[in-house]
Amino acid sequence: MNDSKRPLWRIPVMWLVIGLPLASIVAGVGLVVIATRSGGADVVNDEVRRVSQIQTTDLGPDAKAQQLGLSAIVRIDETMVEAIPATGEFPREASLRLRLQHPTQSQDDLTLELAPTDTGWRSTTPIDDGHDWIVQLAPADGSWRLQGRLPKQQHAARLAPSLQP
């Protein structure tokens, strides 16, 4: 049979010659679109300085919390969020700031002001327990900081300084 009289689309090898580069172009454009729409990959909200090729952040609030021996329990349910001191001397008259960070979607992050109560601090904001939360508890001035992780469907987490003794 004479291949010179057959149309190009009827020759199977031509599907590979044209189809593979075309498929790679479509896949490349798709990956670029997905990458630009997904947002940043940074889940840490700390201010980070870049010195030479090293990223540094201020660990002073963590060191202060460790020095004071602070730790706390954060408890959530359908109607409220509560922070209960576990160890250390907390300033009881001031409100605290609780930051709940979504592990991947920064637009879902929450910052709550917890008012002092007899047992700790409380806010009446309902929280979605359908995914994990990265939890950070600090006073308004940011002088110390406690951190932890609240797993999906769990209603309490222990917060402690990120520095180990």
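This report walks through some strands, aromatic rings, salt bridges and a surface patch of the structure above.

The model is predicted, so local features need pLDDT of at least 70 and side-chain atom pairs count only at pLDDT 80 or more, while totals for chains, interfaces and linings use all residues. Residues are numbered from 1 along each chain as its sequence is written, and side-chain values use heavy atoms, with hydrogens and water left out.

## Strands side by side

Let us start with the strands. Helices (H or I, at least four residues) and strands (E, at least two) are DSSP runs, numbered from the N terminus. Two strands pair if DSSP finds at least two bridges between them. Strand 3, residues 71-76, runs antiparallel to strand 4, and six bridges join them.

The loop between strand 9 and strand 10 (156-159) holds Gln 153. The phi angle of Gln 153 is near 65°, a positive value in a residue other than glycine.

## Aromatic rings around Trp 144

Next come the aromatic rings. Rings of Phe, Tyr and Trp (its six-membered ring) pair if their centres lie within 6.5 Å; planes under 30 degrees apart count as stacked, over 60 as edge-to-face and the rest as tilted. The structure holds two aromatic pairs. One of them joins Phe 90 and Trp 144 in an edge-to-face arrangement, with 5.5 Å centre to centre and 80° between the planes. Phe 90 lies in the loop between strand 4 (81-87) and strand 5 (96-101), and Trp 144 in the loop between strand 8 (133-139) and strand 9 (146-150), so the pair ties together parts that are 54 residues apart in sequence. Together with Trp 121, Phe 90 and Trp 144 form one aromatic cluster.

Is Trp 144 buried or exposed? Buried means under 20% relative accessible area, exposed over 50%, and partly exposed in between (1.4 Å probe, protein chains only). Trp 144 counts as buried because its relative accessibility is 4%. Phe 90 and Trp 144 are both buried.

Trp 144 touches residues from several places along the chain, where contact means heavy atoms within 4.5 Å. Among them are Pro 61, Lys 64, Leu 68, Pro 91 and Leu 137, not counting residues up to four places away in sequence. Ala 65 is another contact of Trp 144; their C-alpha atoms are separated by 5.1 Å, although the two residues are 79 residues apart along the chain.

## Salt bridges

A salt bridge is a side-chain nitrogen of Lys or Arg within 4 Å of a carboxyl oxygen of Asp or Glu. A search of the whole structure finds five salt bridges, including those in this table.

| Pair | N to O distance |
|---|---|
| Asp 62 and Arg 145 | 2.5 Å |
| Glu 82 and Arg 122 | 2.9 Å |
| Asp 132 and Arg 149 | 3.3 Å |

The pair of Asp 62 and Arg 145 meets in a salt bridge. It links distant parts of the chain: Asp 62 is in helix 2 (residues 60-68) and Arg 145 in the loop between strand 8 and strand 9, 83 residues apart. Asp 62 is buried because its relative accessibility is 0%, and Arg 145 is buried at 8%.

Glu 82 forms a salt bridge with Arg 122. Glu 82 belongs to strand 4 and Arg 122 to strand 7 (residues 121-123), 40 residues apart. Glu 82 counts as buried at 4% relative accessibility, whereas Arg 122 counts as partly exposed at 35%.

Asp 132 meets Arg 149 in a salt bridge. Asp 132 sits in the loop between strand 7 and strand 8, and Arg 149 in strand 9, 17 residues apart. Asp 132 is partly exposed at 23%, and Arg 149 is partly exposed at 44%. Elsewhere, salt bridges that share partners join Arg 75, Glu 82 and Arg 122 into one network.
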